[in-house]
Amino acid sequence: MTDVLPLDPAIKAKLETITTATLTTVLLKKGLRKIWMAGTQPFSHAGKRTVGRAFTLRFVPAREDLATPASWSHPISTRGAIEAMPEGVIAVVDAMGSKDAGIFGDILCARMAKRGVAALVTDGVVRDADGVRGTGLPVWCSGAAAPASVAALTFINWQEPIGCGGVAVFPNDIVVCDGDGAVLIPQDMVDAVLEAAEAQEHLEGWLMGEIDKGVPLPGLYPPNAETKARYEKETGRKA
């Protein structure tokens, strides 16, 4: 299983100021289209942008001899995975988009919160919805369902490559979550993405100022050569 790498606090702090919408645009320009995890909608305590390393968990379809309540006591279980999660990670769970059973309930989410896990992100659903909200753990998911995970899913392992919401997620990739959902930044691209994202956020802030002045959109957004030259002159920054 892959060890969790530390995340530079300065990088984390900067990413907490950048919207997932901006990140998807920057990554699109770099050739990456499948980086927004479909089905990861804000569910609880998701009002603040959250950033962390991906700690991955994987489910497959339920098989009756494996997906049993007894499996919860096995060393390779969701319980074992939670106890392996370091503080500050974002648990990213591949539930294959299943909405037939909750992958975690209030007790497991409470333990994650106690361990300092930054958030839970899944293309599946949770159970004990009110209880999960009561834990204070930020959660992005597809909703809630009463049945336990073994009703529809078999847990396989943690800290392996997974697919979540149509996105390939590797342990230690960077995940950014906000009101639009959860976006993945490949760990080897984070510096380049952050630089481009900060530049785009600054430019778009200036463009909003132009909108407030009544400037029409054609030539402004996206900025043409004249707009870029004016931006560079007024701000001293490269467009």
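Biologist: Why is Glu160 called partly exposed?

Modeller: Glu160 has a relative accessible area of 29%, and since buried means under 20% and exposed over 50%, with partly exposed in between (1.4 Å probe, protein chains only), Glu160 is therefore partly exposed. This is a predicted model, in which local features need pLDDT of at least 70 and side-chain atom pairs count only at pLDDT 80 or more, while totals for chains, interfaces and linings use all residues. Residues are numbered from 1 along each chain as its sequence is written, and side-chain values use heavy atoms, with hydrogens and water left out.

Biologist: What makes the contact of Arg58 and Glu160 a salt bridge?

Modeller: A salt bridge is a side-chain nitrogen of Lys or Arg within 4 Å of a carboxyl oxygen of Asp or Glu, and the N to O distance for Arg58 and Glu160 is 3.7 Å, so the pair qualifies. The pair links distant parts of the chain, 102 residues apart, with Arg58 in strand 2 (residues 50-61) and Glu160 in the loop between strand 6 (153-158) and strand 7 (162-164), where strands are DSSP runs (E, at least two residues) numbered from the N terminus.

Biologist: Why is Asp65 counted as exposed?

Modeller: Asp65 has 52% relative accessibility, which lies over 50%, so the residue counts as exposed. Its salt-bridge partner Arg63, at 2.7 Å from N to O, is partly exposed with a relative accessible area of 47%.

Biologist: How many salt bridges does the rule give?

Modeller: The count comes to 10 salt bridges, and Glu210, Lys213, Arg230 and Glu234 are linked in a network of them.

Definitions and conventions
Helices (H or I, at least four residues) and strands (E, at least two) are DSSP runs, numbered from the N terminus.
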